[in-house]
Amino acid sequence: MGNPADRYKSGVMPYAKMGYWDADYVPKDTDVIAVFRISPQDGVDAIEAAAAVAGESSTATWTVVWTDRLTACDLYRAKAYRVDPVPGSPGQYFSYIAYDLALFEEGSIANLTASIIGNVFGFKPLKALRLEDMRMPVAYLKTFQGPPTGIVVERERLDKFGRPLLGATTKPKLGLSSKNYGRVVYEALKGGLDFVKDDENINSQPFMHWRDRFLYCMEAVNKASAATGEVKGHYLNVTAATMEDMYERADFAKQLGSCIVMIDLVIGYTAIQSMAKWARRNDMILHLHRAGHGTYTRQKTHGVSFRVIAKWMRMAGVDHIHAGTVVGKLEGDPNVIKGIYSVCRDDITKQNFERGVFFDQDWAGLRKVMPVASGGIHAGQMHQLITYLGEDVVLQFGGGTIGHPMGIQAGATANRVALEVMIKARNEGRDIWNEGPQILAEAAKWCSPLNAALETWKDVSFNYTSTDTADFVPTATPA
């Protein structure tokens, strides 16, 4: 803009001319960086759309305001500095936007999200908008608590090493009495699982009050631990209407000797951080069920990528998060899921466009989050699950345990045997991806519960095209 005074003349001005576009800007190490997928309306320039997103997610409004001059406005304006066409998707662009660290309150996911996604997603000049990834500066990360326990300490508390943890969600998730619910928990843990969990919508309904459920579940945990000599647990869902109710339930779970409590994503970011601080003070593992995420993470052009949610939750401070299975009944492209798992488990997450990871992310020593794989998985997929997901993961077989034809305990045994023989084969150097079915068949000869599981679910798969896939694929370079 030629005359600086023209910048503050009353009236409407393109966002790019107001200072929200700077192609020469070099992001600082202390900047928060976001990459958005923008789909401008017909006739809207991509650079102007990117500048609008930068403006509306930082300091701008629809018209020039002279009060900008009362602030360090050049510092506080977010700056769109790069716009790239999305490969294979005409009319869509990746927009890179840098935000000065001074724009954010320390240690607050609520404040971060109020800026980045608070207002701009309904902006009329855009057909659609999706937050694809973020890079958090180390200086900012150090203001967050992170997971209260972390993978290493959790394994030490449970005394379980060198293999994935095994779990199951109690089924049916609604309708059981407290006593029958506890029976399911006992049978599953006695059969070989490490954890059983409440599902997202079991709280305190007329058929089962939360206090009764906690009592029967912990009785089941203690009896199964005594019978097997192993540390066991049940994710007691403390999700409730108010923080006071949640603290009451969590305190009762601790009094009963539980090592873990559970919350749902739908309680909100402030409540999640509050429960994370409670869990740190009380030496409890905190499990997060991602209830509700699919309403805004699944669609490719609008919403928030789950890899971003995973980053926010590692910062907020959860120990477990449901993060996809690849082979189950829920959304999960293999590369996208690997990207999400790396966000949860890496010390430094490296840029990997094929997995949807746009930035290197140094996690500044924040504890690691244990991903949870659940939803439509069974023992016959064990070789695939270990190959895709590794060993720092909780594999949860709900229907694949409780739906076993020989009973719940047999279902748990089938899963435990499948896991043990597959880990043993992997450790012996066998190619479990290709030899997996044979390895399971050999074990099924001496384990009738595993044989029944393989026969029951041998033809079950969920081979649907994922809606959330990465936009970059490797291409061969001519020799």
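**Cavities.** I searched the whole structure, a predicted model, and found two cavities of 30 Å³ or more. By cavity I mean a set of points on a 1 Å grid over the protein atoms alone where a 1.4 Å probe fits but cannot get out, with grid points joined across faces, edges and corners and the volume taken as the space filled by probe spheres set on the points. The largest cavity came out at about 60 Å³, and among the 13 residues that line it, E132, R307, G356, A470 and D471 are the closest to its centre; a lining residue has an atom within 4 Å of a point. I then sorted this lining into five nonpolar, two polar and six charged residues, counting Ala, Val, Leu, Ile, Met, Phe, Trp, Tyr, Cys and Pro as nonpolar, Asp, Glu, Lys and Arg as charged, and the others, Gly among them, as polar.

**Conventions.** I number residues from 1 along each chain as its sequence is written, and side-chain values use heavy atoms, with hydrogens and water left out. Local features need pLDDT of at least 70 and side-chain atom pairs count only at pLDDT 80 or more, whereas totals for chains, interfaces and linings use all residues.

**Helix 8 and helix 9.** I looked up how helix 8 (residues 243-255) packs on helix 9 (residues 269-281), and noted an angle of about 30 degrees with the axes 11 Å apart. Helices (H or I, at least four residues) and strands (E, at least two) are DSSP runs numbered from the N terminus; axes are lines fitted to C-alpha atoms, for helices over the stretch in contact, and angles run from 0 to 180 degrees between N-to-C directions. The two helices are therefore roughly parallel, a label for angles under 35 degrees. On the helix 8 side I listed M243, M246, Y247, A250, D251 and K254, which meet A271, S274, M275 and W278 of helix 9, contact meaning heavy atoms within 4.5 Å. These contact residues divide into seven nonpolar, one polar and two charged.

**Helix 6 and helix 15.** For helix 6 and helix 15 (residues 408-427) I recorded an angle of about 35 degrees and axes 7 Å apart. Helix 6 contributes V184, E187, A188, K190 and G191, and helix 15 contributes I408, Q409, A412 and T413; I count four nonpolar, three polar and two charged residues in this contact.

**Backbone.** I checked the peptide bond from K171 to P172 and found it cis, with omega near -10 degrees; P172 lies in the loop between strand 5 (165-167) and helix 6 (178-191). D159, although not a glycine, has a positive phi of about 60 degrees, and I placed D159 in the loop between helix 5 (151-158) and strand 5.

Notes. Angles under 35 degrees count as roughly parallel, over 145 as roughly antiparallel, 65 to 115 as roughly perpendicular and the rest as oblique. On a 1 Å grid over the protein atoms alone, a cavity is a set of points where a 1.4 Å probe fits but cannot get out, and a pocket is an open set with protein on both sides within 12 Å along at least five of seven lines; lining residues have an atom within 4 Å of a point.
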